[in-house]
Amino acid sequence: MSDFKLETICVQGGWTPKTGEPRVLPIYQSTTFKYDTSDAMGALFDLEASGYFYTRLQNPTNDFVAKKICDLEGGYAAMLTSSGQAANFYAVFNICEAGDHLIISSALYGGTFNLLTTTVSKMGIETTVVDPEISEEDLRAAIKPNTKCILAESISNPSLAVLDFDKFVKVAHEAGIPVIVDNTFPTPVNCRPFEYGVDIITHSTTKYMDGHATAVGGCIVDSGNFDWSKYPDKFPGLCTPDESYHGITYTEKFGKAAYITKATSQLMRDLGSIQSPQNAFYVNLGLETLHLRMERHCSNALAVAKWLKANDKIAWVNYPGLEGDQYYERAKKYMPKGTCGVLTFGLKGGRAASVSFMDHLKLVAIVTHVADTRSCVLHPASHTHRQMTDEQLLEAGVQPDLIRFSVGIENVDDIIADLEQALASM
Ligand SMILES: *Cc1c(COP(=O)(O)O)cnc(C)c1O
């Protein structure tokens, strides 16, 4: 399947039935799997044979969906997680432990920012937050001997900063550390971070991949390109025997699959944030139309962005797909087919006007979500980023009057008419 074009993988990747098998991906709604002999199951526990024994570690439905996402990203191995939060946590915790350090971009989803500053610090992991527009020299200077990775978003939620992939990848690889990119917003339909040298990709599949607001989920994809064994002192968890797994050394035994195998057999075993097979089934249904929906999300968002830009009650609009946007040129370079369906804007009346405008919308709903078929809005300063100080808000690129608008795939004339009536009736 990985030889086919992206649209074909969306529709038919992952589950490829043999003769007489179900055409549609089956839901393996079973916690456990049966074996004929004790030895056959023992080999699985030793990671000597591959197969299923308990759904907390692996489940076929989940693995078929992970395989589809892996092929869409052009990766080597992938795993699903219960949420995007779990994906970002596992992606980092798989190579960082107490005493280690990581660098994150300040332009991150609020939940990821909290996770990778406050929560991981309680585990003894130190984080440096950098402005994504940091110079190469300053980024290089932020790397310490115990720095294990750099994490950023391809298009940040909600500040819509497009990542300077070349800069982050170059500096990280010079220092012998991997780059982890959360590719939730553009999805592999519009951006393929591995092509720009990124090592590991994470997703909140809750967003465009599911795309219908039915299932919370996450995914980690490994390119298989980062050579952990070149830096055994830096990545002992991958390059020295795992005593909790009969002394297996992941890089020696699994080569390019070392990172995902460790995350599955160690982190998932012990922390257990699995995606339910039922939810994986919904994600797979969503993936079948991802390429079509992304196209419409992007064309609708561009039309809305142009309309807002031309309206004299609107103070500002950010949309990386809009000509003149500060990230327009970079978006053209790294995501030439389009960006995403999310844009942000503020009203001339400031924070109070933005909130009042939202209350007057009818078709466009106020919900804590982005990236599903239905148009929706959210005011980060009052909602998702409520716990942040004004300083942290601005650092994360979130102005107090910012409305995050996730443009759906309805008829764009109806969406614009709703904005028009809300502005008129305020
Ligand atoms: C929503 C989101 C997350 C968190 O994902 P959940 O599935 O809600 O846990 C992480 N990163 C980005 C960019 C997101 O938009």
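Modeller: Happy to! Domain bounds here come from an automatic or database domain assignment. The model is predicted, so local features need pLDDT of at least 70, side-chain atom pairs count only at pLDDT 80 or more, and totals for chains, interfaces and linings use all residues. Residues are numbered from 1 along each chain as its sequence is written, and side-chain values use heavy atoms, with hydrogens and water left out.

Biologist: Which domains is the protein divided into?

Modeller: Domain 1 covers 6–285 and domain 2 covers 291–425. Their C-alpha centres lie 29 Å apart.

Biologist: And how many residues does the contact take from each?

Modeller: Domain 1 gives 39 residues and domain 2 gives 38, with contact meaning heavy atoms within 4.5 Å.

Biologist: What area is buried between them?

Modeller: About 3300 Å², with carbon and sulfur atoms giving 61% of that area. Buried area is the accessible area (1.4 Å probe) that two parts lose on being put together, summed over both. Leu-160, Asn-190 and Tyr-208 supply 23% of what domain 1 buries against domain 2, more than any other three residues.

Biologist: Switching to charges, how many salt bridges cross the interface?

Modeller: Two are found between domain 1 and domain 2, counting a side-chain nitrogen of Lys or Arg within 4 Å of a carboxyl oxygen of Asp or Glu. Lys-333 also forms a salt bridge with Asp-166, where the closest N and O atoms are 2.9 Å apart.
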